[in-house]
Every structure is written in structure tokens, then in C-alpha cells.
Amino acid sequence: MTKWNIDLGHSAINFQVKHMMVSKVKGVFDTYSADIEAADLTDLTTANINFTIDAASINTRSEDRDNHLKAADFFDSEKYPTITFKSTNITKKSDDEYAITGDLTIKDVTKSVTFDTEFNGKGTNPWGQEVYGFESVTTINREEFGLTWNAALETGGVLVGKDIKITVELEVNPA
């Protein structure tokens, strides 16, 4: 098994959620790490993938909103500083598509989630190092992870949607 490093300059963990039932709030987690081991990244079925995200690194380009998301109403990042994902099963769906299932832990709740993952290809960077690209997407119900705060709108509906779309874009290279 080979260990793989994330190229943080060419990778991102993004999310989006409906706001006021009419638009979307998008954000990123600025600080994260991964432990990725695989014999061959062109066949992820042998890989072990573990992510750790710094919950306090949430960034939606609004300091007030970010502070609210870090507080007890949402992530309670002082009490629960990390969000983790540990792969448990990886199946190949086609030549370059996978289903990566694993345990996602937010706060003190762990649930099995599946990321639909696409292998975007491999290449050699200007320094002669082999690089591989992937994009993974899943949608979770935030309330199932204890992120239940919301506010009713006078016009009907709620301020924050339940479904969170998570997109992980990775460029990795051998350690």
C-alpha cells in the first residue's frame, strides 16, 4: 500500500445548503487532513480513506454566520473540534466511478454515508511527480447529525434547509 498526500492548493471540501427556501449558502472547510492508502489509485477498491476536518475552520464568507455555525446551535466546535470520515467499503461502478461508503461523524453522531466519486484522471506535474484527481459528492440530512437549529419564516418555510450537499475535490500525489 502506498500513502498519498493531498495537494491542499488544488483540493477543497465544499458544502451548500438552501437559505430561506430560495437560494443557497455555500462554504468550505479551510483546514482538513487525510490519511489515504491505496495500492493503485486507478482502482480505489483497495483504498483506505480517512478524513479529519477542523470544524472551526468553516468559512461561508460571513463572520457572523461562521461564528453561529461554530457555536452550540450547530457544530459546537469547542466541544466537538473535528468532523471525521472513515471509509468502510468502496465499490467500482464503472471505469472511473466509485461508491465510497464510510462512517461520517459530526458532533457525537456517526452515520454511514456514501460519496459518489469520479476519478478525473492522472498526470505528471511540472516537477515530475505523478498526480491523481477525484471528485466526491454526497448529500446528508443535517438534522440526523444533531444540527437541528432553524427559524420559521413569516412567509412560510424555514431559514435553513435540511439537506447539505458536500463536495470533496482532491488532487493527490504519492507521499
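Met20, Met21 and Val22 together make a nonpolar surface patch of about 300 Å². A patch here takes residues with over 30% relative accessible area and no salt bridge, and nonpolar side chains are joined within 5 Å. This is a predicted model, where local features need pLDDT of at least 70 and side-chain atom pairs count only at pLDDT 80 or more, while totals for chains, interfaces and linings use all residues. Residues are numbered from 1 along each chain as its sequence is written, and side-chain values use heavy atoms, with hydrogens and water left out.

Let's stay with Val22 for a moment. Valine 22 sits in the loop between strand E2 (12-19) and strand E3 (23-29), and it counts as exposed because its relative accessibility is 70%; exposed means over 50%, buried under 20%, with a 1.4 Å probe and protein chains only.

Now for the inside. The largest nonpolar core has 42 residues, of which Phe51, Phe75 and Val172 touch the most other members; core residues are buried and joined through side-chain atoms within 4.5 Å. Strand E11 (residues 160-174) gives the most to this core, with 6 residues.

Note on methods: Patch = residues over 30% accessible without salt bridge, like charges linked within 9 Å, V, L, I, M, F, W, Y side chains within 5 Å. Areas by Shrake-Rupley, 256 points an atom, 1.4 Å probe, with all protein chains shown as cover. Salt bridge = Lys/Arg side-chain N within 4 Å of Asp/Glu carboxyl O. Helix = DSSP H or I, 4+ residues; strand = E, 2+ residues; numbered from the N terminus.
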